[in-house]
Amino acid sequence: MATNTYYKSHSELLRDEKFLLWRLSPQDELDYYWNEKLRLYPDLHLEIELADKYLKENLFVKRFIKSENKEKILQEILYAVEHKVNHKKTKKNTLRSWITYSAAACLLGLVVLFLHKLNTSRQSEQITISQLETEGIRFISSGKTILFEENIDIRIGGKGMTITQSDSLGRGEEIEIADNVLNKLIVPYGKQSKIRLADGTNVWLNSGSTLEFPSSFSGDKREIMLTGEMYIEVAENKKLPFYVKTSNFNVQVLGTKFNVFAYEKQLQSIVLVEGSVELKSNKLQRSYKLFPNEIAFLENDDSFRKEKIDALQYVSWTKGYVVLNKTPLTDVMKYVERYYNVSFEYTHTPNLRNMTCDGKLYLSDNLDNVMKSIALLSNTEYRKENNSIYINNK
């Protein structure tokens, strides 16, 4: 009898070497293999999401190891996991055994990040990481400000909006907002938010971002303003084109999915997942058209430079992890600064600045684990004192 699922449960995925390698180290061959499985067995999507969620929440798997040792370490992990979970009869008990094993797994070094050292000098280097005071998410409408301490999801509809805590399963709080007013959602470092606009467009806002949007769309276009980063799935409406405005460029679409990275003082970009968009900088009149799996970088002369990429890697942050591809360690640090609301201070760190990373970085809720990851990633020593964390060369 045929089945529409490839695996019975996500716990089996977590014991599959091919799956672990695929989630933790990008490879074209593995991408093809698992994408074919997803095409043949649609229910596998749910099991993969559950496996990813478990890796993010329970497994600290961020250690630098030599690539030639990867196979041996994976075999050790799989052997240990088999002996831990095979005698369990229920999914609940299987997960419990995985939690028990997670500490041992991290010692074995399940691969998430591979570090490429470009300089092996042993001179003393130090990174000081300070936890900053966490601010709340602010929603501003008609001159009034509402503050939210936790991540929120917003849904605009009718004469008001519904706001729920991102982790809440219950009914959200309904708040009345005026028609035809411009609202502002400010998501500080350390927070994220999702919003469904009045036309059905869905927006994911990353840490350190601000979105301005109307309560309802009227006139001959739909328009929002962004500072920071968002992933957006635009509701199709051929009569009302959709515009995303930033301080340096505009994006025009009819119905599509794309990511906008528009933080100040950083290289800004647009990644297209589906559909097509037209780009134009604020200073130049030339238009650029972007196609799926392309990224456009805004250059210093206000022109755009396009490259072919895997677009899904650039929107993985909405799923709880970041894909790294020869990413400078300093860029990883910048992302951690925004996501966890911390500040990095570099003291004589030429070696650390010359490192790059490949793999997948799961965004654990535990900041201490992330800092340990950075120390392991950079082959350095880690210590914590009060609200400060220090990383030194060994």
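This is a predicted model: local features need pLDDT of at least 70, side-chain atom pairs count only at pLDDT 80 or more; totals for chains, interfaces and linings use all residues.

Visitor: Which residues touch the most other members of the largest nonpolar core?

Guide: They are I224, M230 and F258, in a core that has 41 residues. Strand β12, which covers residues 222-233, supplies the largest share of this core, namely 4 residues. Apart from it lies another core, made of 25 residues and including W204, V271, Y335 and Y340.

Visitor: OK, zooming out, how many helices and strands does the protein have?

Guide: There are 10 helices and 25 strands in the secondary structure of the protein. Of its 394 residues, 49% count as buried, and the protein exposes about 20100 Å², of which carbon and sulfur atoms supply 47%. If you take the contacts between residues at least 6 apart in sequence, 58% of them join residues that are at least 24 apart.

Visitor: Now T201, is that one buried or exposed?

Guide: T201 is buried, because its relative accessible area is 0% and the cut-off for buried is under 20%. You will find T201 in the loop between β9 (193-196) and β10 (202-205).

Visitor: What does the side chain of T201 reach?

Guide: It reaches the backbone nitrogen of A235, at 3.0 Å. Not counting residues up to four places away in sequence, T201 touches I195, R196, R222, I232, E233, V234, A235 and F242.

Visitor: And K221, where is that found?

Guide: K221 is in the loop between β11 (209-214) and β12, and with a relative accessibility of 37% K221 counts as partly exposed. The side chains of K221 and E223 are joined by a polar contact of 3.4 Å. When neighbours within four places in sequence are left aside, K221 is in contact with L240, P241 and Y243.

Visitor: How many residues apart in sequence are K221 and F242?

Guide: They are 21 residues apart in sequence, while in space their C-alpha atoms are 6.1 Å apart.

Visitor: Switching topic, what is the volume of the second largest pocket?

Guide: The second largest pocket has a volume of about 860 Å³. It is lined by 30 residues, and those closest to its centre are F261, Y314, V323, T327 and D331.

Visitor: Which element gives the most to the lining of the second largest pocket?

Guide: That is β21, with 8 residues. Among the elements that give two or more residues to this lining are also β15 (257-262), β16 (269-274) and α8 (329-340).

Visitor: Last one: what is the phi of K265?

Guide: Phi of K265 is near 65°, which is a positive value in a residue other than glycine. K265 sits in the loop between β15 and β16 and counts as exposed, at 86% relative accessibility. D302 is not a glycine either, and has a positive phi of about 70°. D302 is found in the loop between β19 and β20 (304-308), and at 13% relative accessibility D302 counts as buried.

Note on methods:
Residues are numbered from 1 along each chain as its sequence is written. Side-chain values use heavy atoms; hydrogens and water are left out. A nonpolar core is a set of buried Ala, Val, Leu, Ile, Met, Phe, Trp, Tyr and Cys residues joined through side-chain atoms within 4.5 Å. Buried means under 20% relative accessible area, exposed over 50%, partly exposed in between (1.4 Å probe, protein chains only). Contact means heavy atoms within 4.5 Å. Accessible areas come from the Shrake-Rupley method with a 1.4 Å probe; for residues, only the protein chains shown count as cover. A polar contact is a pair of N or O atoms within 3.5 Å; within protein, one must be able to donate a hydrogen and the other to accept it, and residues adjacent in sequence count only if both atoms are side-chain atoms. On a 1 Å grid over the protein atoms alone, a cavity is a set of points where a 1.4 Å probe fits but cannot get out, and a pocket is an open set with protein on both sides within 12 Å along at least five of seven lines; lining residues have an atom within 4 Å of a point. Grid points are joined across faces, edges and corners, and a volume is the space filled by probe spheres set on the points.
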